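Please examine the structure shown below before reading on.

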Amino acid sequence: MRIIRTKNYEEMSRKAAAIIAAQVVLKPDCVLGLATGGTPVGTYKNLVEWYNAGDLDFSEVSSVNLDEYRALPVEHPESYWSFMHRNLFDHVNIDPAKINLPDGNNMDAEAECARYDAVIKAMGGVDLQLLGIGHDGHIGFNEPSDAFDLGTHCVDLTEETIEANKRFFNSKDEVPRQAYTMGTGTIMNARKVLMIVSGRDKAEIIKKAFFGPVTPQVPASILQMHPDFVLVADEDALSLV
Ligand code: F6R
C-alpha cells in the first residue's frame, strides 16, 4: 500500500487524475473502473481539461462503473449513469459502446449481476479501479457485513449510506434503498486500485481501514492486501494517522 499525501482536495484531484492519465497513455485500450460520489468530481474535471488540451485520448478506453442505484430511472439526474455522463463521458471522446454500468432498471437482480460479471470478465478484468470510501468503510456499495462478497450483487443500502447520500436528492425519502454493486472480489482483482479521500470527516475511517485489522466489518480494509493499492488523500483525511 502506498500513501500519497496532498495539501487539499484540489491537489488530491490533480494527483489522482495524473495516475489515471498515465494509465491511459501507457495502455490506450485500458479498462478503467470508475466511481461516483462527491470525491471524484475534481479528478474527472482535470481529465476533461487535459483531454481538451489534447493530452489525452479516450477513444480506445473501456469503462466499468462500480455501482448503480436499483429502480432509479436511468435519466434521473442522480443515477450514476447521469453522473458519469455529466462529469466525464459527455466531455471526452470515449466510445459510448465501451461504457458499462450495472443496469439498475433490470429488476431481475440475479440476471443483471451475472450479466455485469460476464461483461467485466469478457474485458479481461479492470486495469485501474478508482474508489472513494464511505464513512462506514464501504467501497462501491459493499457495506459492512460478516463476509466479503466476491461478484456483483444487489445490496440494501444502510441507514448511514442513505443518510450520507440524501444530499444529492430533494429528501431522504427519494434516496433509492437498493443498488447493484461490483463485489469486493472484483475490486481486489483489479490490477491497480486508486482510492481518493478528502476531508476531516473521513479521518476516522481511514485510520480504521488502513491502520487496523482486515475485516469485512470495514470493507475497505481488504485493500491492505492488494499488491498495487495507492491511497491519495489530503492532510485532513490523514490527520489521525
Ligand atoms: C461511488 C461509490 C461509493 C463512494 C463513497 C464515497 O460509486 O461506490 O462507495 O465512493 O460513498 O462517496 P463520496 O465521495 O461522496 O464521499
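Predicted model: local features only at pLDDT ≥ 70, side-chain atom pairs only at ≥ 80, totals over all residues.

Residues are numbered from 1 along each chain as its sequence is written, and side-chain values use heavy atoms, with hydrogens and water left out.

The ligand is surrounded by 14 residues, each having a heavy atom within 4 Å of it. The closest are Thr39, Asp67, His138, Gly140 and Arg167. By class, this shell holds three nonpolar, eight polar and three charged residues; Ala, Val, Leu, Ile, Met, Phe, Trp, Tyr, Cys and Pro count as nonpolar, Asp, Glu, Lys and Arg as charged, and the others, Gly among them, as polar.

For histidine 138 the distance is 2.7 Å, for arginine 167 it is 2.7 Å, and for lysine 202 it is 2.8 Å. Taken alone, the ligand exposes 410 Å², of which the protein buries 92%; accessible areas come from the Shrake-Rupley method with a 1.4 Å probe.

What of the cysteines? A disulfide is a covalent bond between the sulfur atoms of two cysteines. With the cut-off of sulfur atoms within 2.5 Å, the count is zero disulfides. The sulfur of cysteine 113 lies 6.3 Å from the closest cysteine sulfur, in cysteine 154, which is too far for a bond. Cysteine 113 is buried at 7% relative accessibility, where buried means under 20% relative accessible area. Cysteine 30 is also buried, at 0%.

Note on methods:
Polar contact = N/O pair within 3.5 Å; in protein donor to acceptor, adjacent residues only side chain to side chain. Buried < 20%, exposed > 50% of the residue type's maximum accessible area, 1.4 Å probe, protein only.
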